[in-house]
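Have the sequence and the model open as you go.

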Amino acid sequence: MSDDAPESAPVHASVHAAIAAVYADVEYVQKKRSPELGYSYAGEAALIGALRPPMVKHGLYVSVVAIDEVSRGDYLTSMQHTMHQVDLRATVRFTHAASGTWIDVQSLGSGADSGDKASNKALTGAYKYALRN
């Protein structure tokens with residue numbers, strides 16, 4: 001076999017073994033400081049960029065299988081702009097393709113936006129924290 005040949009996928013008995021293998025392959029995702037926001041965070045793109053190659057290698061995929069506990073409300077900012085707030089709980093499923101085993105993780109998300117993106121932001125937050133933890 002040449003050095004350019006793709007590496008064969010490792011065989012894992014379960015989703016738990018595959019997740020452990022991903023943990024072994026992924027370094028800590030560093031938080032970056034956002035000058036506009038005034039705090040540091042690890043963004044969804046950075047997490048997915050670090051996790052996706054090892055997840056593919058170990059046969060894991062992720063999907064949101066349920067959203068519940070949704071609450072919505074509006075509030076005024078200090079500048080008197082209306083913000084729409086959405087809080088939700090998502091059930092995120094990690095599935096190991098080869099074994100067919102899976103584990104569900106519940107994660108909370110909260111999002112606020114002056115337009116129509118509060119739900120999207122809340123779901124992104126829940127998904128990101130499920131991936132992170």
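## Strands, a helix and some charges

In β4, Thr-91 is the bridge partner of Ala-66. Strands here are DSSP runs of E with at least two residues, helices are runs of H or I with at least four residues, and both are numbered from the N terminus. Two strands pair if DSSP finds at least two bridges between them. The hairpin of β3 and β4 has 5 residues between the strands, and Gln-80 takes a positive phi near 65° there.

A word on the source: this is a predicted model, where local features need pLDDT of at least 70 and side-chain atom pairs count only at pLDDT 80 or more, while totals for chains, interfaces and linings use all residues. Residues are numbered from 1 along each chain as its sequence is written, and side-chain values use heavy atoms, with hydrogens and water left out.

Now the charges. A salt bridge is a side-chain nitrogen of Lys or Arg within 4 Å of a carboxyl oxygen of Asp or Glu, and the count comes to 6 salt bridges. Among them are these:

| Salt bridge | Closest N to O distance |
|---|---|
| Asp-68 and Arg-89 | 3.0 Å |
| Arg-89 and Glu-69 | 3.7 Å |

Salt bridges that share partners join Asp-68, Glu-69 and Arg-89 into one network. How exposed are these side chains? For relative accessible area, buried means under 20%, exposed over 50%, and partly exposed in between (1.4 Å probe, protein chains only). Asp-68 is partly exposed at 29%, Arg-89 is partly exposed at 24%, and Glu-69 is exposed at 56%. In the other pair, Asp-116 is exposed at 60%, whereas Lys-117 is partly exposed at 39%.

On to helix α1 (residues 15-25), where Val-15, Ala-18, Ala-21 and Val-22 are buried. They sit on the same side of α1 because they cover an arc of only 120° around the axis, taken from the directions from the helix axis to the C-beta atoms. The face turned away from that buried side carries the exposed residues His-16, Tyr-23 and Ala-24. What covers the buried residues of α1 includes α2, β3, β4 and β5 (102-113), with contact meaning heavy atoms within 4.5 Å.

Last stop: Val-56, found in helix α2 (residues 44-57), is exposed at 52% relative accessible area.
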